[in-house]
Amino acid sequence: MALNHGRGDARYSRDVELNPIFSREPVTVPRYAMPEGPMEPDTAYQLVHDELMLDGNARLNLATFVTTWADPNALRLMAECADKNMIDKDEYPQTAELELRCVHMLARLWHAEDPRHVIGCSTTGSSEAAMLAGLALKRRWQQRRRAEGKPADRPNLVMGANVQICWEKFAEYFEVEPRYVPLEGDRYHLTAETALPHCDENTIGVVAVLGSTFDGSYEPVADIARALDELQERTGLDVPVHVDGASGAMIAPFLDPELEWDFRVRRVASINTSGHKYGLVMPGVGWALWRDAEALPDDLVFHVNYLGGDMPTFALNFSRPGAQVVAQYYTFLRLGMEGYRRVQQTCRDVATGLAARIADLGPFELLTDGSQAPVFAFRVKDGVGEYSVFDVSAALRERGWLVPAYTFPKDREDLAVLRIVVRNGFGHDLADLLLEDLRRVLDRLERQQGPQRSAEDAGGFAHGAETRNPQRAGRH
Ligand SMILES: *Cc1c(COP(=O)(O)O)cnc(C)c1O
């Protein structure tokens with residue numbers, strides 16, 4: 001949060017200094033106030049450039065799911081499209097056309113019955129997509145309730161306690177009661193049996209996650225849908241499913257084509273994904289798709305003038321950069337089905353290989369092995385008393401690796417894990433280096449008397465899975 005940042009420390013009152021060697025004259029500029037006058041562009045560039053050098057090396061960041069490598073042509077297109085505003089459909093009709101093509105490609109990828117009937121849009125990421133999908137569920141439920149002459153003022157949404165923070169935000173911002181299904185024992189995500197008892201006539205939908213943020217596991221979408229089919233037969237309650245496929249919706253279609261989690265499952269009303277995760281585009285793009293017009297109430301859709309015609313839009317923002325959408329189209333075109341399959345298979349091979357070798361080290365136990373989303377979580381075995389996962393994370397950080405350690409949500413807060421997200425660009429060679437460093441670090445940690453660090457010392461870099469400063473204790 002930027003609001004009060006820095007006030008407490010000495011830097012707040014000190015100006016920013018520029019290395020005099022780069023400047024035409026030595027300059028200092030206020031840190032938190034706009035300078036009085038302009039400066040040479042080269043000087044300003046050097047100042048910003050040097051300061052950003054202190055950011056971490058994105059390639060060593062094994063915490064984030066978000067793309068940190070793109071090919072030079074994608075970057076070139078993005079630079080060429082820096083001026084394109086997604087909302088100006090009049091001005092940039094071709095960018096709008098490319099967005100539409102991406103939606104159709106995703107509709108086919110996710111097995112829509114009739115891709116031409118699918119409604120979809122680009123967003124700034126899965127979080128915005130989740131807000132839109134959640135709003136559609138809420139509005140549909142309200143309309144149905146009102147038509148039945150029943151109260152529509154107490155909507156709830158059923159999801160696992162492992163959902164990403166965006167769903168907590170949705171519930172908070174749009175006043176929907178979040179029903180988090182607790183984790184239990186070694187069940188780390190939502191299942192059909194656990195979801196069902198939380199559903200009632202006020203349930204607007206069930207969120208199933210394909211690629212849980214906490215451990216990369218897929219939730220059993222088809223099982224959950226089947227249980228809800230039975231619920232409908234038994235009680236008449238018709239509860240739709242939204243699939244949060246932020247990572248998994250761009251992995252399963254290529255690596256697990258037999259797995260039915262998408263529009264093949266009748267009850268799945270909508271799906272989101274992050275174009276900037278396994279969609280392989282730099283940060284700033286997500287996608288939301290609805291099965292058909294019925295799944296997206298028309299009164300949520302606004303209409304803008306488009307070359308004298310009518311262009312429906314559903315978005316939280318008005319203006320938004322178009323470059324990422326162009327880059328998404330480029331990446332679809334450039335890789336095709338086979339290219340995506342190879343990239344994702346490599347990620348999965350690296351993840352499963354690294355997970356197996358980490359398990360072989362001895363002191364760790366895997367929760368997941370990287371064979372669903374190429375993400376795995378592991379813990380320190382019971383009986384290892386010299387160090388904690390937080391010690392391991394801190395020690396790896398000394399070598400530049402960002403491997404987050406965090407505790408699990410409610411009812412498994414005792415469970416502290418490390419998590420590694422394998423992305424395109426983290427290949428077998430880097431995995432070897434990480435393993436070597438991990439071995440070296442363990443040699444040292446094994447000589448400790450006991451854990452030196454705990455959850456309180458963990459950095460807030462678990463990307464949606466951290467339990468640091470949770471809004472509600474134990475839930476994040
Ligand atoms: C990353 C993630 C989100 C949030 O996506 P953004 O694109 O970062 O907004 C939501 N759900 C899941 C499962 C995620 O992994």
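Here is a short walk through the domains, a sheet with its helix, and the ligand's surroundings. Keep in mind that this model is predicted.

Let's begin with how the chain is divided.

| Domain | Residues |
|---|---|
| domain 1 | 10–55 |
| domain 2 | 74–331 |
| domain 3 | 347–457 |

Taken over C-alpha atoms, the centres of domain 1 and domain 2 are 42 Å apart.

Now look for an open sheet of four strands, which pair antiparallel in the order β12-β13-β15-β14. At its edges are β12 (364–366) and β14, each pairing on one side only. From one strand to the next, the twist averages 40 degrees. Inside this order, β13 and β15 are joined by four bridges, and phenylalanine 376 has isoleucine 420 in β15 as its bridge partner. Helix α10 packs on the sheet, where it touches β13, β14 and β15, and its direction makes about 35 degrees with that of β15.

Why is α10 described as largely enclosed by the rest of the structure? Eight of the 10 residues in this helix (residues 389–398) are buried, so the rest of the structure largely encloses it. Among the buried residues are Val389, Phe390 and Leu396. Just after α10 comes glycine 400, with a positive phi of about 100 degrees.

Finally, visit the ligand. Around it are 15 residues, of which Gly125, Ser126, Ser127, Gln164 and Ala246 come nearest. Sorted by class, this shell holds four nonpolar, 10 polar and one charged residues.

Key:
Residues numbered from 1 in each chain as written. Predicted model: local features only at pLDDT ≥ 70, side-chain atom pairs only at ≥ 80, totals over all residues. Near = placed C-beta within 6 Å. Nonpolar A, V, L, I, M, F, W, Y, C, P; charged D, E, K, R; others polar. Buried ≥ 20, exposed ≤ 12 C-beta atoms within 10 Å, placed from the backbone. Helix = DSSP H or I, 4+ residues; strand = E, 2+ residues; numbered from the N terminus. Domains from an automatic or database assignment. Pairing = 2+ DSSP bridges. Axes fitted to C-alpha atoms, helices over the stretch in contact; angles between N-to-C directions. Contact = placed C-beta atoms within 7 Å.
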